[in-house]
Amino acid sequence: ATYDARFNTLYDAMKKAEPQIKIGGPATLGFDQPFLQQFLKDCGSRVDFVDFHFYPAHEDAAQLLAELPAMSQDLTELRAMIKAAVPGRASSIPIHVGEWNFSADPGTLAQYAFTGFASVLDADLLGRILTSGADSLAWGSKNGPMSLLYGDAAAAGNRGYKSDTPMPLYQAIGMFTGQGLFPRFGTAVVSATSVISGVDAFASSGPDEIVIVNTNTSAERVSVQANGSSQHSAQIWRLHQTGSVAGPPVRMGTLTSATGGFKLTLPANSVTTLVMTTPAGN
């Protein structure tokens with residue numbers, strides 16, 4: 001109640017000084033549903049966006065993978081809460097994941113943050129955020145394993161990284177931004193469904209792209225079917241860290257299909273982006 005009262009007071013003063021700024025909250029540590037519910041009740045008539053942070057607390061690989069759907073569930077639940085609390089404004093209130101990473105636990109980060117497994121987790125989380133209609137800021141400092149760029153102030157040894165070189169988190173985000181190598185993920189989300197356990201798919205239009213994350217420890221031979229025209233072609237870009245240091249996405253060539261579908265092998269713990277060079281139709 002104290003936070004909400006002060007938020008409203010500060011919101012009104014700040015908007016009076018500069019009406020164009022956007023002010024959001026409450027930036028809870030995790031999906032604190034009771035706090036968020038009360039915030040929407042007290043501040044929903046004002047708030048420009050709703051913010052929460054996401055850091056799984058688990059330590060082993062299986063638990064971290066099992067936590068991925070929680071991101072989608074939290075976003076879906078928060079959207080429903082906004083609609084229920086302020087139905088007249090709900091469509092104009094975005095969701096912002098103000099901080100996220102696959103973990104905030106020092107031991108877990110030390111074990112995984114420099115590996116390809118981290119890229120898989122981070123890419124999957126970002127795909128879930130984007131396809132839920134939210135935006136986000138990945139937590140990235142330069143003081144250890146939660147970094148976007150390597151900085152060894154709080155890390156044990158350099159693990160083969162040089163100062164300012166990209167970490168797996170950076171490369172995972174790059175599978176959506178394109179890093180200047182290929183077009184970034186599109187401005188509109190389209191439906192994508194995977195029927196293979198451990199393989200998640202996220203798709204966009206404008207441009208047409210499909211990002212496929214294989215979280216399994218084994219390679220997966222998959223078929224990708226796109227609706228629309230009878231012929232499709234796509235550039236294939238892949239992130240698959242096999243050494244100790246993360247590298248940028250690698251172009252794997254072009255696939256063309258006269259039947260509208262592709263067959264490709266996804267390496268274990270990899271992220272693959274298909275940049276469609278023919279329109280996918282619908």
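1. A residue counts as buried here when its relative accessible area is under 20%. By that cut-off, buried residues make up 46% of the 282 residues in the protein chain. Keep in mind as you read that this is a predicted model.

2. Overall build first. The chain folds into six helices and twelve strands. Its radius of gyration is 20 Å, close to the 19 Å that the globule rule gives for 282 residues, so the chain is as compact as a globular protein of that length. The C-alpha trace spans about 60 × 50 × 35 Å along its principal axes. If you take the contacts between residues at least 6 apart in sequence, 65% of them link residues at least 24 apart.

3. Now the surface and the charges.

4. Which residues touch the most other members of the largest nonpolar core? They are Phe52, Leu78, Ile82, Trp100 and Phe102, out of 57 residues in that core. Leu78 is a handy one to click on: leaving aside residues up to four places away in sequence, it touches Phe31, Leu40, Val50, Phe52 and Ile95. Apart from this core lies another one, of 14 residues, including Val199, Ala203, Ile212 and Val224.

5. Have a look at helix α6, residues 168–177. It is mostly covered, with eight of its ten residues buried. The buried ones are Pro168, Leu169, Gln171, Ala172, Ile173, Gly174, Met175 and Phe176. Gly178 follows α6 and has a positive phi, near 85 degrees. Gln179, in the loop between α6 and β5 (188–190), has a positive phi too, about 55 degrees, although it is not a glycine. Gln179 counts as partly exposed, at 26% relative accessibility.

6. Is Asn101 buried or exposed? Asn101 sits in the loop between β3 (95–100) and α4 (106–112), yet its relative accessible area is 2%, so it is buried. Its contacts, not counting residues up to four places away in sequence, are Phe54, Tyr55, Pro56, Leu109, Asp122, Leu125, Trp139, Met146 and Leu169. Leu169 in that list is also one of the buried residues of α6.

7. Asp12, in helix α1 (residues 2–17), is partly exposed, with a relative accessible area of 36%. Thr76, in helix α3 (residues 61–85), has a relative accessible area of 54%, so it is exposed. Thr76 and Gly133 are 57 residues apart in sequence, with 9.8 Å between their C-alpha atoms.

8. Finally, some backbone details to check by eye. Gly25 and Pro26 are joined by a cis peptide bond with omega about 0 degrees, and Pro26 lies in strand β1 (residues 24–28). Another cis peptide bond joins Gly206 and Pro207, where omega is about 5 degrees. Pro207 belongs to the loop between β6 (199–205) and β7 (209–214). Asn269 is a residue other than glycine with a positive phi, near 50 degrees; look for Asn269 in the loop between β11 (261–266) and β12 (270–276).

Methods:
Residues are numbered from 1 along each chain as its sequence is written. This is a predicted model: local features need pLDDT of at least 70, side-chain atom pairs count only at pLDDT 80 or more; totals for chains, interfaces and linings use all residues. Side-chain values use heavy atoms; hydrogens and water are left out. A nonpolar core is a set of buried Ala, Val, Leu, Ile, Met, Phe, Trp, Tyr and Cys residues joined through side-chain atoms within 4.5 Å. Buried means under 20% relative accessible area, exposed over 50%, partly exposed in between (1.4 Å probe, protein chains only). Contact means heavy atoms within 4.5 Å. Helices (H or I, at least four residues) and strands (E, at least two) are DSSP runs, numbered from the N terminus. The radius of gyration is taken over C-alpha atoms; the globule rule is 2.2 Å times the number of residues to the power 0.38.
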